[in-house]
Amino acid sequence: MIKNIFGWLFSPLGRIALLIGGLTVLSLAVWGISLTQASPEQPIQFPHNRHVNFGIQCLYCHPGASRGPVAGLPTQTKCWGCHQQMQITETSELLKPLVQAVENNEPIQWVPVAIVPDFVQFNHRPHIAAGVNCEDCHGDMTQVTIAENPQVFNMGWCLNCHKEHSVDNPELRTKLLDCGTCHY
Amino acid sequence: MKPIDLNEMGAIGAIAQEAEGKWGMVIDQDLCTGCQACVAACSMENNIAFVGEEDASYGRSLQWIRIERFWEGEYPEVKMTPFQPMLCQHCHNAPCEPVCPVFAAVHSPAEDLNLQVYNRCVGTRYCANNCPYQVRVFNWRDYERPEPLNNQFNPDVTVRRRGIMEKCTFCLQRIHRAEDLAKAEGREVRDGEFTTACAQACPADAIIFGRLDDPESRVNQLSKPDRGYQMLEELGTVPRITYFKEG
């Protein structure tokens, strides 16, 4: 009975069909996983590597990191401060959205890449004050164009660093491993 | 029969009585007029949802602080007790903590407060059933915040979803902000530098929040008169809130 239903699979054509079907499922799965890992679509294909290689500090465009919870994403006026003096701004196709945003006085809708869940209250300031560098969490920006996350921001990863930094300070350890430090 | 020495037995209540605590509150019931300003301020500060008429009639109102008032005596000689703002007492010895199967109700060793970790909570509601003060509330639904109400969310506080227990946090987000600022300026948090939303809103100054571990703080100065008492003191929960009455 079973052989009657699946008998066609054992014919040469059936095996080829099986192979094609299997490959289709596999490639769909790979494509789906790659979608979850890809950086989101940005309004401007911003090359971090070029800006960092010019010697621009992270805090110039993301100044909130040194004084508060949110590092901030730059407005078009900040971009324009440098770009209006540059020849490439008028000629480059990639910079068209910036020119338009400035002319129409519309904000650039950057898509945040490094995000934590809603129930995590993250604050940049104490991390910078404790001597953590931007690249320790956000990766080396000289290597990427659009920002990518070198790792998943999950709790185990946070706690590993919190534990390492408080090995010889029991008071700090209590604070850094306390649930209420990040969740409220 | 030999009298039982709690200290000798290591009974946790007896030891906890000596513990000082970090943050505390004083509520003067003689000053409270029952105006509910604290209730409104708390809801605004902590993104507390409005449950609507139907759920409220089931007793599912979401309020982290409520104003209680009781009848004393038999009708017609009824006397009203003073208004009694009731919020999480942040017990040192909290009954809600040992019953949580997933450790979502935990004690914060750093701030010495009771925490509710929303992402751990699975909604068994054991903690609410074991709370003698009945101050824990449960999110029975995902409550809608229609435009433009969503614009008034406090970004420092998690918006709780359905199936999660919540309660007063002593405005932990404000504590953290003040501590962060103090640390950035290289000093300790000063008493009265910040306060909870309910204490800030109270027009009669009946609610006062501050540091318990600083003998000079306003909370400790006020705690000295003999008219202070703690809610359900006999349970040995060691609350962090002191009430004043008939002074």
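Analyst: The account below starts with the core and then turns to neighbouring contacts, charged pairs and backbone geometry.

This is a predicted model, in which local features need pLDDT of at least 70 and side-chain atom pairs count only at pLDDT 80 or more, whereas totals for chains, interfaces and linings use all residues; side-chain values use heavy atoms, without hydrogens and water. Residues are numbered from 1 along each chain as its sequence is written, while chains are lettered from A and ligands numbered from 1 in the order in which they are written.

The largest nonpolar core has 55 residues, and those with the most contacts inside it are B:M25, B:L87 and B:F170. Helix α6 of chain B, residues 172-184, gives the most to this core, with four residues. Apart from this core lies another, of seven residues, among them A:I44, A:C79, A:A101 and A:I108. A core here is a set of buried Ala, Val, Leu, Ile, Met, Phe, Trp, Tyr and Cys residues joined through side-chain atoms within 4.5 Å. Buried means under 20% relative accessible area, exposed over 50%, and partly exposed in between, with a 1.4 Å probe and protein chains only. Helices (H or I, at least four residues) and strands (E, at least two) are DSSP runs numbered from the N terminus. In soluble globular proteins, nonpolar side chains tend to be buried together.

Leaving out residues up to four places away in sequence, B:L87 touches B:M25, B:I27, B:W64, B:I65, B:V135, B:C168, B:F170, B:I241 and B:Y243, where contact means heavy atoms within 4.5 Å. Two of these partners, B:M25 and B:F170, are also touched by B:T196, together with B:C171, B:R174 and B:F209, under the exclusion of residues up to four places away. B:T196 lies in the loop between α6 and α7 (197-201) of chain B and is buried, with a relative accessible area of 1%.

B:C171 and B:R174 lead on to B:E45, which is in contact with both of them as well as with B:N154, B:V157, B:Q173 and B:A197, leaving aside its neighbours within four places in sequence. B:E45 belongs to helix α3 (residues 37-45) of chain B and is buried at a relative accessible area of 13%. The C-alpha atoms of B:E45 and B:A197 are separated by 6.5 Å, although the two residues are 152 residues apart along the chain.

Over all chains, the structure holds 20 salt bridges, each being a side-chain nitrogen of Lys or Arg within 4 Å of a carboxyl oxygen of Asp or Glu. One of them joins the side chains of B:D112 and B:R240, at 2.9 Å from N to O. B:D112 lies in the loop between β6 (105-108) and β7 (113-116), and B:R240 in the loop between β11 (228-229) and β12 (241-244) of chain B, so the pair ties together parts that are 128 residues apart in sequence. B:D112 is buried at 13% relative accessible area, and B:R240 is buried at 4%.

A further salt bridge links B:E166 with B:R160, whose closest N and O atoms are 2.7 Å apart. B:E166 is buried, with a relative accessible area of 1%, and B:R160 is likewise buried, at 7%. In the salt bridge between B:E193 and B:R187, the closest N and O atoms are 3.0 Å apart. Here B:E193 is partly exposed, with 26% relative accessible area, and B:R187 is partly exposed at 23%. Salt bridges that share partners also join A:K175, B:K22, B:E111 and B:E179 into one network.

Most residues other than glycine have a negative phi, and most peptide bonds are trans. The peptide bond from B:Y75 to B:P76 is cis, with omega near 0°; B:P76 is in the loop between β3 (71-72) and β4 (79-80). B:E147 and B:P148 are also joined by a cis peptide bond, with omega about -5°, and B:P148 is in the loop between β8 (137-138) and β9 (165-166). B:L232 has a positive phi of about 45° although it is not a glycine. B:L232 is in the loop between β11 and β12, and is partly exposed at 33% relative accessibility.
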